[in-house]
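Subject: Structure handover and findings

Hello,

Here is the structure you were expecting. Please open it alongside this note.

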Amino acid sequence: MSQDIIDVYFMPGMAANPSIFEYINLPKDRFKMHLLEWVIPYNKETLSDYAKRICKDVKAENPVLVGVSFGGILVQEMSKHIQTRKVIVISSVLTKYELPKRMKLAKATKMYKFLPTHLVRDFENYAKFTFGSSTTKRIDLYKKYLSVRDKNYLDWAIEQVVCWEQEEPLPNTIHIHGDKDAVFPYQYIKNCITVKEGTHIMIINKYKWFNENLPQLILNDNVA
């Protein structure tokens, strides 16, 4: 007897395009992969309303939502508006308490409003700003994957992360996190599946781990 195909929707991280998932391969006899993309937010649009808009691109019933970094926050918000089979959050946070101290400080002082997002036109500075100064040798990599360079989007996205108010993890959510993540440091993460030596971009450079483990994580009824 044939088994139903499970629809899996993937949301990339902040400013990233869906090509970050180019090495992710799920068995086609069990899964159908769909790639979601960022759209420019409306003026003063709430994260909840934005999530509703992206939900319109989810055509399948009871899908699995997979989100990376800010995309991980977004899929959690999306799951508040549509029925999902499971939500998988990668290199992200499940509550505001897992945000690093620098982001909490940015919220308290509203310093996030003064971040130099206009540097998007100078991509080398943009990549350093987004991922840290240690990425200088990988600028070409980020030119490929970071394609959303609209200043309004970046201002909005940074504010949504810093000011996210979720206090409790949502049910039926799996959190996968690398122990070398520099954006959301592992020390602040509570309950997760740990990827050894995994950095914030492990969806790209540790894709083999995801190809080996995602199918069973999706199929397993017991959320880790």
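Below is what was found in it, element by element.

First, the ground rules. This is a predicted model, where local features need pLDDT of at least 70, side-chain atom pairs count only at pLDDT 80 or more, and totals for chains, interfaces and linings use all residues. Residues are numbered from 1 along each chain as its sequence is written, and side-chain values use heavy atoms, with hydrogens and water left out.

Strand 1

Helices (H or I, at least four residues) and strands (E, at least two) are DSSP runs, numbered from the N terminus. Buried means under 20% relative accessible area, exposed over 50%, and partly exposed in between (1.4 Å probe, protein chains only). Strand 1 is mostly covered, with six of its six residues buried. Both of its faces are covered. I6, V8 and F10 are buried on one side, and D7, Y9 and M11 on the other.

Two strands pair if DSSP finds at least two bridges between them. Strand 1 pairs with strand 2 in the parallel sense, over five bridges. There, F10 has L35 as its bridge partner. Strand 1 also runs parallel to strand 3, joined by four bridges.

Helix 2

Helix 2 spans residues 70-78 and is mostly covered: nine of its nine residues are buried. Among them are F70, I73, L74, V75 and M78. The buried list also includes Q76 and E77. What covers these residues? The cover includes strand 1 (6-11), helix 1 (47-55), strand 3 (64-68), strand 4 (86-90) and helix 6 (151-162). Contact here means heavy atoms within 4.5 Å.

Aromatics

Rings of Phe, Tyr and Trp (its six-membered ring) pair if their centres lie within 6.5 Å; planes under 30 degrees apart count as stacked, over 60 as edge-to-face and the rest as tilted. The structure holds nine such pairs. In one of them, the ring centres of F10 and F21 are 5.0 Å apart and the planes sit at 55°, so the pair is tilted. F10 is in strand 1 and F21 in the loop between strand 1 and strand 2 (31-35), so the pair ties together parts eleven residues apart in sequence. F10 is buried at 0% relative accessible area. F21 is buried too, at 3%.

W38, Y50, F70, Y153 and W156 form one aromatic cluster.

A charge sits over a ring if NZ of Lys or CZ of Arg is within 6 Å of the ring centre and within 35 degrees of the ring normal. R53 lies over the face of Y42, at 3.7 Å from the ring centre.

Salt bridges

Side chains of opposite charge can pair when their charged atoms come close. The cut-off used: a side-chain nitrogen of Lys or Arg within 4 Å of a carboxyl oxygen of Asp or Glu. The count comes to seven salt bridges.

- R53 and E45 meet at 2.9 Å, N to O. R53 is buried at 18% relative accessibility, and E45 is buried at 8%.
- K80 and E77 form a salt bridge, with the closest N and O atoms 2.9 Å apart. K80 is partly exposed at 43%, whereas E77 is buried at 8%.
- E165 and K96 meet at 3.0 Å, N to O. This pair links distant parts of the chain, 69 residues apart. E165 is in the loop between helix 6 and strand 5 (173-178), and K96 in the loop between strand 4 and helix 3 (101-109). E165 is partly exposed at 40%, while K96 is buried at 19%.

There is also a network of salt bridges, linking K96, K107, E165 and E167.

Cysteines

How many disulfides are there? With a disulfide taken as a pair of cysteine sulfur atoms within 2.5 Å, the count comes to zero. C55 is buried at 8% relative accessibility. C163 is partly exposed at 24%.

Backbone

Most residues other than glycine have a negative phi, and most peptide bonds are trans. S91 is not a glycine, yet has a positive phi of about 50°. S91 lies in the loop between strand 4 and helix 3 and is buried at 0%. N172, also not a glycine, has a positive phi of about 60°. N172 is in the loop between helix 6 and strand 5 and is partly exposed at 32%.

Best regards
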